[in-house]
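Me: I'd like to go through this model piece by piece. Can you take my questions in turn?

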Amino acid sequence: MLREQLKSALKDAMLAKDQRAVATVRLIIAALKDRDIAAREKGNLDGIDDTEILAMLGTMVKQRQESIRLYEEGGRCELATQEQEEIDVIRRFMPSQLEGKELETTIDSTIKEIGAADLKDMGRIMSTLKQRYPGRMDFSKASGIVRQQLV
């Protein structure tokens, strides 16, 4: 379970005196607690599940990638490096990403399985991909590939 991995990683990072990892894991745990509180308000007393945690981690990676882009445009390479280090820590808790041919094959099989014929089916395809591959796929890239295959 990801919650246990996060707790263990925080302890390990503290023992190793890896300040970047400690700070990043604490950020992840804080975001997780926020999401758990929001889930409790909706009646889910157990908090969010691993699928939602993976989606949260994916969002955190995307935020940092955008920050890197902005820092590099602004000439702040040291801050971009910090953001990249945080991404590396976050990705430790995520499954390996589907890339290249594997990504295209996965999307193609999902399109065939659903029986999608045109762009009207894009929402169903993306929804299915998000349910099946949380944290394993860059959905902005996936939507581009889906769009190409449906046109």
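Me: What share of the residues of the protein chain counts as buried?
Reply: This is a predicted model, where local features need pLDDT of at least 70, side-chain atom pairs count only at pLDDT 80 or more, and totals for chains, interfaces and linings use all residues. Residues are numbered from 1 along each chain as its sequence is written, and side-chain values use heavy atoms, with hydrogens and water left out. Buried means under 20% relative accessible area, exposed over 50%, and partly exposed in between (1.4 Å probe, protein chains only). Of the 151 residues of the protein chain, the buried share is 38%.

Me: How many helices and strands does the protein chain have?
Reply: Both are DSSP runs numbered from the N terminus: helices are H or I with at least four residues, strands are E with at least two. From the N terminus on, the elements read α-α-α-α-α-α-α. That gives seven helices and zero strands.

Me: Which residues does Leu 57 touch, leaving aside its neighbours within four places in sequence?
Reply: Contact means heavy atoms within 4.5 Å. Leu 57 is one of the buried residues of helix 3, and the cover over those residues includes helix 1, helix 2 and helix 4. With the sequence neighbours set aside, the partners of Leu 57 are Ile 28, Ile 90, Phe 93 and Met 94.

Me: How far apart are the end C-alpha atoms of helix 3?
Reply: The expected span of a helix is 1.5 Å times one less than its number of residues. Helix 3 has 24 residues, so it should span 34 Å, and the model agrees, with its end C-alpha atoms apart by 35 Å.

Me: Is Lys 17 buried or exposed?
Reply: Lys 17 sits in the loop between helix 1 and helix 2. Its phi is positive, about 60°, although it is not a glycine. At a relative accessible area of 67%, Lys 17 is exposed.
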